[in-house]
Amino acid sequence: SGFFLLPGLATAQAGPAAIVAYLLAGVLILPAMFSIAELSTAMPKSGGTYYFLDRSLGPLAGTVGGIGTWLALVLKSAFALIGMGAYLVLFMDEVPIKALAVGLTVAFTVLNVFGAKETTGLQRILVATLVGVLAFFVVQGLVAVGTLPSGELQTQLTPFAPFGWEALIGTIGFVFVSYAGLTKVTSVAEEVQNPDRNIPLGMVLSLLTATFIYVVGVFIMVAVLDPAELRSDLTPVATAAEAFFTWLPGDLGLLLIVIAAIAAFASTGNAGILSASRYPYAMARDHLVSSRLGVVGRFGTPVPAVLVTSGLMIGVILQLDVEGIAKLASAFQLIIFGLLNVALIVMRESRIPGYVPGYRSPLYPWLQIVGIVTPLVLVAQLGALTIGLTLLLIAGGVVWYVLYVRDNDRVERAGAIYHLFARLGKNQYAGLDGELRTILKEKGLEDETSFEHLVTHAAVLDVPSGAGYDDAVRQAAAILAHELPLPVDALADGLLEG
């Protein structure tokens with residue numbers, strides 16, 4: 001869905017270098033994709049990203065990651081439904097874009113309440129239509145580029161990076177939201193047949209398909225459209241299609257693109273509600289949010305979670321613009337992807353016997369280290385407002401955890417990170433403490449340590465030979481009673497009982 005809206009905004013930031021931005025975004029998502037594929041085959045549970053972070057890094061990381069991923073998916077889905085209106089305007093005058101987006105959200109909500117199987121059945125139709133039309137667009141577009149007059153392509157691509165290479169880095173972060181849907185399937189991993197095979201395979205095929213269409217499609221748009229017009233165009237695919245689908249009768253070429261766009265936006269919005277709703281559902285089952293969100297309706301779907309997710313989507317549609325939604329969704333997703341690479345390292349290094357993934361990430365741990373550093377660099381380029389809102393979201397997740405979860409003792413579990421610490425603790429060097437104490441002596445510290453203070457100020461008991469343990473305790477109680485507001489007998493009985 002990002003392909004139909006963002007290329008114009010991306011070229012406004014990076015010029016023709018936006019082509020490279022899409023390619024690099026597809027490459028840079030590889031560490032997160034491989035990490036998620038491994039984690040989801042080891043733990044195919046509802047909630048995907050949330051579940052992985054919670055079980056690896058603990059409930060605090062799970063709370064922040066679950067809320068962040070939920071919001072990122074809601075933002076991306078809202079972004080798609082707003083985009084649908086932008087394309088419908090091409091055939092219908094004065095379409096109320098936000099009202100239409102709200103109406104579609106309600107329709108997809110009803111569909112999601114009735115069942116995941118019905119939802120995925122619609123997805124197959126939408127995606128098949130979308131990929132078919134876009135394949136036609138790419139073939140025709142490459143033919144059109146091949147017939148350009150000599151030197152015109154070079155003119156269109158020059159200067160390649162008019163706003164500098166730093167702008168290219170910022171654009172990579174901006175278009176990253178186009179790949180955010182790649183990992184949506186993990187949130188419904190519990191409902192996937194043969195997850196060891198189908199989740200990694202589905203992700204790889206999705207990435208190859210999307211990256212090819214994004215890179216080649218943006219190259220075509222840059223090649224055939226006027227640069228100034230492209231940079232302000234919210235329907236760039238339709239504009240490009242009009243430029244080289246002239247051989248088709250009437251507006252058939254434009255109609256095909258609008259159909260593909262509607263399929264893309266509808267599939268993103270529909271799948272967004274399906275996957276995003278599983279996050280509050282999974283968190284409710286783990287007592288991190290209200291248990292009401294963990295209720296399953298008569299059709300086997302988490303109805304309250306679906307309704308809350310849809311309600312938030314409607315709020316986002318009514319309040320935010322397209323570019324703001326894209327930047328926020330990208331920032332949240334980048335941070336979550338970085339954390340997922342940390343989660344994989346923790347799970348591997350904790351060496352828990354029950355961690356048996358059906359698929360293992362290649363190039364471990366170097367790929368994961370790249371996947372941790374890259375999001376930090378990209379988020380830094382998205383602007384102060386986006387960074388501020390992202391930090392505010394993280395802070396909100398921490399506050400929720402402290403006030404709602406921890407202070408109310410709602411969870412007792414801890415993440416695999418404690419298994420890692422325990423394993424590392426077995427390698428502790430017992431002589432280090434003695435070495436440090438020797439250094440303290442050599443420094444000649446004047447202030448006595450707490451242990452020295454305890455020894456030098458303690459009362460000393462001289463217990464006669466043959467006296468029992470009870471006698472020693474009662475003697476100690478008689479001395480301690482002078483310092484504590486307790487009778488000697490009560491203090492002695494308490495110490496003995498303990």
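Helix α1 is largely enclosed by the rest of the structure, because eleven of its 13 residues are buried (buried means under 20% relative accessible area, exposed over 50%, and partly exposed in between, with a 1.4 Å probe and protein chains only). The buried set is Gly-2, Phe-3, Phe-4, Leu-5, Leu-6, Pro-7, Gly-8, Leu-9, Ala-10, Thr-11 and Ala-14. The helix, residues 2–14, isn't straight: at Gly-8 it bends by about 30° (the angle between axes fitted to the seven residues ending there and the seven starting there). Just after α1 comes Gly-15, with a positive phi of about 70°.

A word on what you're looking at: this is a predicted model, where local features need pLDDT of at least 70 and side-chain atom pairs count only at pLDDT 80 or more, while totals for chains, interfaces and linings use all residues. Residues are numbered from 1 along each chain as its sequence is written, and side-chain values use heavy atoms, with hydrogens and water left out.

Zoom out, and the protein chain has 23 helices and zero strands (DSSP runs numbered from the N terminus, with helices being H or I of at least four residues and strands E of at least two). Its C-alpha trace spans about 110 × 60 × 40 Å along the principal axes. Even so, buried residues make up 48% of the 498. Of the contacts with a separation of 6 or more, 80% link residues 24 or more positions apart (contact means heavy atoms within 4.5 Å).

Back to individual helices. Thr-105 sits in α6, residues 97–114, and counts as buried because its relative accessibility is 0%. Leaving aside neighbours within four places in sequence, Thr-105 is in contact with Leu-81, Ile-273, Ser-310, Met-313, Ile-314 and Ile-317. Helix α9, residues 165–175, is another one largely enclosed by the rest of the structure, since eight of its eleven residues are buried. Those are Ala-167, Leu-168, Gly-170, Thr-171, Ile-172, Gly-173, Phe-174 and Val-175.

Arg-351 counts as exposed because its relative accessibility is 58%. Asn-194, in the loop between α9 and α10 (195–224), is a residue other than glycine with a positive phi, near 50°. At 46% relative accessibility, Asn-194 counts as partly exposed.

What about a buried loop residue? Asp-286 lies between α14 (278–285) and α15 (303–319), and is buried, with a relative accessible area of 11%. Not counting residues up to four places away in sequence, Asp-286 touches Tyr-50, Arg-55, Val-411 and Arg-413.
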